[in-house]
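Keep the structure open beside them and look up each residue as you go.

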Amino acid sequence: AITDDSKQISIGGNDNCCTIWDLEDQLTPKLKYFLPHQAAVKAIAYCPWSKSILATGGGSRDRTIRFWHTNSGTLLDSIKTSGQITSLTWSRSKKQIAATFGFTGVKSPTMVSVYSYPNLNEVTQVEGSAYARVLSAALSPDSSSICVASNDEAIRFFKIWDPSERTILENQDNGLFGSD
């Protein structure tokens, strides 16, 4: 994932961590932070309305969404989920984040869960069949829906947010870990 201003990039992988790189000078990127998980990190998303917040999602042995302050590398909060996190998508009009899941290991697996931020309450959930798992997801151009691709060769569209709601342009919480 890359920030809107292209000054920071975050990369996840099978080494059970996400790294944040400073791209101020694109010819010589600088490693800023290692953000640990307990499994591979494939889901990464910068918050569109609070630029210094990054969400990362861990694989099957981790099953945790972690929220990081990108200017300090500080873990802000985390939430344990029911499955392997395959994608994270922030709402542009509400303080919410949607997570999609691969392997969940339950009879009625969850395909998508939406959580409020920062209190991390589950707002809604979309269940799938026992055999379907989400491989990836993308936000629609109007920021109201996510499109998910699953292992059963299906593409599904889920309308999650109201497209008529105003976009949150910037909403930094002042004083977060001494930051602006």
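1. Is Cys-47 buried or exposed? Cys-47 counts as buried, at 1% relative accessibility. Here buried means under 20% relative accessible area, exposed means over 50%, and partly exposed lies in between, with a 1.4 Å probe and protein chains only.

2. A word on the model before we go on. This is a predicted model, in which local features need pLDDT of at least 70 and side-chain atom pairs count only at pLDDT 80 or more, while totals for chains, interfaces and linings use all residues. Residues are numbered from 1 along each chain as its sequence is written, and side-chain values use heavy atoms, leaving out hydrogens and water.

3. Back to the cysteines. The structure holds zero disulfides, a disulfide being a pair of cysteine sulfur atoms within 2.5 Å. Cys-18 is in no disulfide, and its nearest cysteine sulfur, that of Cys-17, is 7.3 Å away. Cys-18 is also buried, with a relative accessible area of 0%. For Cys-47, the closest cysteine sulfur is in Cys-18, and because it is 15 Å away, it is too far for a bond.

4. Now find the open sheet. Four strands form it in the order E8-E9-E10-E11, with antiparallel pairing. Strands (E, at least two residues) are DSSP runs numbered from the N terminus, and two of them pair if DSSP finds at least two bridges between them. Strand E8 (85–90) and strand E11 (122–127) stand at the edges with a single partner each, so one side of each has no neighbour in the sheet. Inside the sheet, five bridges join E9 (residues 96–101) to E10 (residues 110–116), and Gln-96 stands opposite Ser-116 in E10.

5. Next, the largest nonpolar core, which has 20 residues. Such a core is a set of buried Ala, Val, Leu, Ile, Met, Phe, Trp, Tyr and Cys residues joined through side-chain atoms within 4.5 Å. Tyr-117 is among those with the most contacts inside it. Leaving aside neighbours within four places in sequence, Tyr-117 is in contact (heavy atoms within 4.5 Å) with residues including Trp-49, Phe-67, Trp-90 and Gln-96. A second, separate core of 10 residues includes Val-134 and Trp-161.

6. Last, Glu-170. Where does Glu-170 lie? Its place is in the segment after strand E14 (155–159). Glu-170 is partly exposed, with a relative accessible area of 41%, and it touches Trp-49, Ser-50 and Lys-51, not counting residues up to four places away in sequence.
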